[in-house]
Amino acid sequence: MAKIKVKKVKSAINRTLRQKRILESLGLRKMNQVVEHDDTPSILGMINKVQHLVSVEETK
C-alpha cells in the first residue's frame, strides 16, 4: 500500500467543528506538522474534506 505525507499549512481557527475534528483525527495539531498515512479510501476522504487546509505528497 502506498504512503502519503499530509502537512497542515493553514490554521483551523474560524473553521467548522467538523473540519477541526477531521484535522485532529488525521493527527494534525500544529502548523507545518507532517504525518504519514496509508493511502486508504477513508484517509483520502478525510483529506478531501480539509484539502484547503493541508498539502499532500505521495511517497513510495
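Lys3 comes out as partly exposed in this predicted model, with a relative accessibility of 30%. As for where the residue sits, Lys3 belongs to strand β1, a run covering residues 3–8.

The side chain of Lys3 pairs up with that of Asp38 in a salt bridge, at 3.0 Å from N to O. It's a link between distant parts of the chain: Lys3 is in strand β1, Asp38 is in strand β2 (residues 34–38), and 35 residues separate the two. The distance of 3.0 Å also makes the Lys3–Asp38 side-chain pair a polar contact. The pair counts as a salt bridge because a Lys side-chain nitrogen lies within 4 Å of an Asp carboxyl oxygen. Going by that rule, the tally is one salt bridge.

What about the partner's accessibility? Asp38 has a relative accessibility of 33%, so Asp38 is put down as partly exposed too, falling between the 20% and 50% limits.

With neighbours within four places in sequence set aside, Lys3 touches Glu36, His37, Asp38, Glu58 and Thr59. Among them, Glu36, His37 and Asp38 fall in the stretch 34–38 that makes up strand β2. As for Val34, which sits 31 residues from Lys3 in sequence, the C-alpha to C-alpha separation from Lys3 is 13 Å.

How values were computed. Residues are numbered from 1 along each chain as its sequence is written. This is a predicted model: local features need pLDDT of at least 70, side-chain atom pairs count only at pLDDT 80 or more; totals for chains, interfaces and linings use all residues. Side-chain values use heavy atoms; hydrogens and water are left out. Helices (H or I, at least four residues) and strands (E, at least two) are DSSP runs, numbered from the N terminus. Buried means under 20% relative accessible area, exposed over 50%, partly exposed in between (1.4 Å probe, protein chains only). Contact means heavy atoms within 4.5 Å. A polar contact is a pair of N or O atoms within 3.5 Å; within protein, one must be able to donate a hydrogen and the other to accept it, and residues adjacent in sequence count only if both atoms are side-chain atoms.
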